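Work through the two exercises below. Each solution goes step by step.

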Amino acid sequence: MKKSAICFGLFLLACVTAFLALFWGTVTLEPGAVWGSLWAFVARCEPADKNLYNLVTQVRLPRVCLTMLAGAVLSVVGILMQTLTGNPLAEPYVLGVSSGASAGAAGTIVFRWFGFLPAGHVVFSAFVGSFVAIALVVALQGKSTSPIRLVLTGMGVSAFFQAATTFIIYCSSNEAQARSAQYWLTGSFSGSNWGDVRMALVALAALLVLCRLVEKELDLLLLGQDVAAQSGMNVRLMQLILIVISAGAVSVVVAVAGLVGFVGLIIPHIMRRMVDSAHRYLVLSSALAGGCFLTLADTVARTAFAPQEMPIGVMTAFIGAPVFILMIRRVYHAH
């Protein structure tokens, strides 16, 4: 099958998945009612049912858009991290961004950091924590371009901030605060709004533009950093650009949804088997597939145990872990 046909098929799948997620939930809606609310939203006309309109356009639609964008961001960053480190097991959180964001968010929930802000102080604190973590990784990496050193540095920074997060939660004297921090660490898209969607859209746009601009350089890195350097590439500069843009994009997802694992790990592997490792089609197909996967997982998470909602990080782990183990078995069995 042609790569362009695969991408087009994934685009259609994304559209179908998004629409199904809109009318499938704790309250199942009629497809015609969903279409009517969407038309009223786009045409800016008076809806027939105001309550239904608000449910579709202010609750479910921003959530579906956010899961699509977050899945795409995590998948593309997963590709960049695997290419940058030369490690097929690398994922979006390999450089400690998630742990830093977790520590920042937990600190705000428990200790009221940045409580002087009128709203969104948890998101802001998560941003601060993620960029402190990535700044530490870049500083400790120094002038080295070694991918092994980069991964090990990221693991060390990640472990430190994970310990800090656990310590912050342990210090909480309020059970509700501790539970809120713990729930945030397992990820959730509840409470999604159009402001979150706009931030995720900017993050994805930045990633896609970056990948298009450095497409040839990314393909060259697949041959190894030595080959890339001999071809005239400034490997250190490329590392910094990829790290900073990727960290910023992931911090947006972590800040608005918490920790969502496995998306950026398994989706790039699946897409490589379908469209090969060239980044032109790999990035686009992974973004579409990642959006479909996370939207489907979130839909199941919010409906399977209704009226309770399972954390999205738990659902992606339940789905992703067996898939990843099966992929490893097939690859190593083939060798």
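**Exercise 1.** Find which residues of α1 meet which residues of α13, then describe the crossing of α1 and α13.

*Solution.* Start with the contacts (heavy atoms within 4.5 Å). From α1 come Lys3, Ser4, Cys7, Leu10, Phe11, Leu13, Ala14, Thr17 and Ala21. They meet Tyr281, Leu284, Ser285, Leu288, Ala289, Cys292, Thr295, Leu296, Thr299 and Arg302 of α13. Sort these residues by class: twelve are nonpolar, five polar and two charged. (Ala, Val, Leu, Ile, Met, Phe, Trp, Tyr, Cys and Pro count as nonpolar; Asp, Glu, Lys and Arg as charged; the others, Gly among them, as polar.)

The model is predicted: local features need pLDDT of at least 70, side-chain atom pairs count only at pLDDT 80 or more, and totals for chains, interfaces and linings use all residues. Numbering runs from 1 along each chain as its sequence is written, and side-chain values use heavy atoms, without hydrogens and water.

Now take the axes (lines fitted to C-alpha atoms over the stretch in contact, with angles from 0 to 180 degrees between N-to-C directions). Those of α1 (residues 3-23) and α13 (residues 279-303) come within 9 Å and cross at roughly 20°. Therefore α1 is roughly parallel to α13 (angles under 35 degrees). Their crossing is left-handed (the near helix is turned anticlockwise from the far one by less than a right angle).

**Exercise 2.** Work out which element gives the most to the lining of the largest cavity.

*Solution.* Two elements give two or more residues: α3 (50-85) and α11 (235-257). The most come from α11, with three residues.

Definitions and conventions:
Helices (H or I, at least four residues) and strands (E, at least two) are DSSP runs, numbered from the N terminus. Angles under 35 degrees count as roughly parallel, over 145 as roughly antiparallel, 65 to 115 as roughly perpendicular and the rest as oblique.
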